[in-house]
Amino acid sequence: MKGIWWKILGVLIFIYVLVGGLTVPLKSGITSTDPGNALSGEHLALKIHGYNSHFYSAKKNRAWLKLDSIHALRALNFEVSSENDAVLHFDLPSYFPGKVKAQPLTLILDNEVDGVFVQPNAVFVSVTDTVHSDTIIPSGIWKSADLGHFHEAKSLHFPYRNILNETIRNTFFHVALWFAMFVLLIVGLYHAIKYLMTGDFDHDIQSASFNRIAIMYGVFGIITGSIWAKYTWNTFWTTDVKLNMTAVAMLIYLAYLVLRGSSSDHDRRAKMSASYSIFAFLALIPLVFVIPRLTDSLHPGNGGNPALGGEDLDNTLRLFFYPSIIALILLGTWMASLLIRYQRLKEKIFMSNQ
Amino acid sequence: MNIIKVKDIFIKELSIEYRQKFALGGIFLFAATVVFLIFKSFNNINPREWTILIWIIMLFAGLNAVVKSFLQEKKETYLYYYTLFDPIDMIVAKLAYNFIFLCSLFAIILIFMGLFSGFPVKDWTLFFSGSALGILGISIVFTFVSVISASENGNSTLMSILALPLVLPILLLLLKISAVSVRLLTDTAIMEDVWLLMGVDCILLGAMILLFPALWRL
Amino acid sequence: MKNKSTIIKYINIVILQLTFISMATAAGSTEDFLRSTGKIYSVVAVILVIFIGIVIFLFRLDNKLTKLENQIKNEQ
């Protein structure tokens, strides 16, 4: 517990996460397109509303409607009305490959300021003339299938997700809280085992303090999670497994607090709570890691995928997510060390009174 | 671990239980009353309610049953046991006793439920293997928690506070397994849940055997 | 004892704030505000929850330490 450098480090990293996590802009995205349906062979005037886009300041706005990897249609005209609003004009061909009656088209936009961004299933085209996939589509209809060179976005930005929008920044606070909670619980577990092995009362104090801070983080995690859920899934509480399993985990650890408060005998309380916390931690492992994997969940990383792979966490998010975990662990350790020092003092006074 | 010693403790538990017939009768009476109450209030019980109710009755009847298993003896008698038995023998015997006791309790609840409100189970092997594993898990948690609460002068409130959240994950798995076994929902991967239940049992059993020696001389 | 009452007052203020925030998030009229500009204010709400939580922790620790100090003072 010597030195103050890690406390300062924790605060600095947290400030970095707060400032960076709130100021880095989101990548441009498309919030709405109108109309949602069109007929093949007709002229389509597509009104789009962008988010964080720079149609007006950008010089080279380009747009495509993409059907699959070889079929794409370039916009004839890109009418910019403001930074975030534009009207795109397409001549939809009457021939569509495949037998499907309704074809979903993906909208791709590209300019030199925002880079390239995509809205999947932007328009559904009802096909009046279907062509068998084996017949050759007359050339000249899908003439701009080659999309050519895309621009890269100029500045650092977080990915744009349709429902998440700006709340993707909650990754740094809500998700990182759970990771920090686990690290603190493991530290508490280590001290509990150490206590049972050595019988040194100081380990009991440390174990209890780390567990307490971890439980506090868990409560924060549940509250912040339900706020986030309100603005993405539109409800404070869902039947999502991961959510309910963590609620059960929190109940188990709240019972730990009750246990610690129940006994007056120091030695007995220490032994009981150390054994219970080891038992509880082991009961927690299937709860948090195994059961949610087996069931489908609204949370990312469920149904067999690793929790933090590929799509869900891109490199710019990592730039703040990992520091955030470290900062929360350091701050948690600081808070735990305050509790430890308080308990030690209390212990000393208690001993000197006897 | 000494098998003969384990058997001795087991028989001792059984004879103590047998001598206190009123306590034993009380638990079975509790189960019978609740089943009858359910039969009278739900006139026509559907399989979904059947599975949920059976585990809820099991949970509370079991909790009542195990609370007294460590509490029926005075603290002073434990001082005597310290000199006689190895802690691991002691806990294994207690666990085996609790497991068999809970299994018979479960069988009685099933018989009552079967008599009053039918028996909708379609997949017998799944239901009984899942139930056996689940009851093993429940009895491990209850035994462990009853050791803790016994050292706290037989505080039965503490017992239920500690035990209920710990058995929740086991119960959730059990509810899913029994829902599949009455064909309420079909799940081809249900065996994964059974294996998971077995894994949870193994982890909890190992933890209990490792932790009990530190706990029992409190 | 004067110190203690002020702390309780502070805690009350914090709890009031918390209830206000939860009411604000539940109410329909402020809903639009919290959803505006790409739901950025829900991020603010999350950060506020963490901050208020840590503040509550600090106040409680402060309270406990005051008690301990008083105990030492009484003994001397």
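Predicted model: local features only at pLDDT ≥ 70, side-chain atom pairs only at ≥ 80, totals over all residues.
Trainee: Which strands does β3(A) pair with?

Mentor: Strands (E, at least two residues) and helices (H or I, at least four) are DSSP runs, numbered from the N terminus. Two strands pair if DSSP finds at least two bridges between them. Strand β1 (residues 29-34) of chain A is joined to β3(A) by five bridges and runs antiparallel to it; Ile30(A) stands opposite Gly50(A). Strand β7 (residues 85-91) of chain A also pairs with β3(A) in the antiparallel sense, over seven bridges, and there Phe90(A) is the bridge partner of Leu44(A).

Trainee: How many helices and strands does chain A have, and what percentage of its residues is buried?

Mentor: Chain A has six helices and eleven strands. Of its 354 residues, 41% are buried.

Trainee: At what angle do α2 (residues 174-198) and α6 (residues 315-353) of chain A cross?

Mentor: Axes are lines fitted to C-alpha atoms, for helices over the stretch in contact, and angles run from 0 to 180 degrees between N-to-C directions. Angles under 35 degrees count as roughly parallel, over 145 as roughly antiparallel, 65 to 115 as roughly perpendicular and the rest as oblique. The axes of α2(A) and α6(A) come within 9 Å and cross at roughly 45 degrees, so the two helices are oblique to each other.

Trainee: Which residues of α2(A) and α6(A) meet?

Mentor: Two residues are in contact if their C-beta atoms, placed from the backbone, lie within 7 Å. From α2(A), Ala176(A), Leu177(A), Phe179(A), Ala180(A), Val183(A) and Leu184(A) take part; from α6(A), Phe321(A), Ser324(A), Ile325(A), Leu328(A), Ile329(A) and Gly332(A). For classes, Ala, Val, Leu, Ile, Met, Phe, Trp, Tyr, Cys and Pro count as nonpolar, Asp, Glu, Lys and Arg as charged, and the others, Gly among them, as polar. This contact has ten nonpolar, two polar and no charged residues.

Trainee: How many residues of chain A are in contact with chain C?

Mentor: 23 residues of chain A are in contact with 21 residues of chain C. On the chain A side, α3 (201-232) and α6 each give two or more residues, and α3(A) has the largest share, eight. That side divides into 14 nonpolar, five polar and four charged residues.

Trainee: Which helix of chain B gives the most to the side that touches chain A?

Mentor: Between chains B and A, 23 residues of chain B are in contact with 23 residues of chain A. α8(B) gives the most to the side of chain B that touches chain A, with ten residues. By class, that side has 18 nonpolar, three polar and two charged residues.

How values were computed. Residues numbered from 1 in each chain as written. Chains lettered and ligands numbered in written order. Buried ≥ 20, exposed ≤ 12 C-beta atoms within 10 Å, placed from the backbone.
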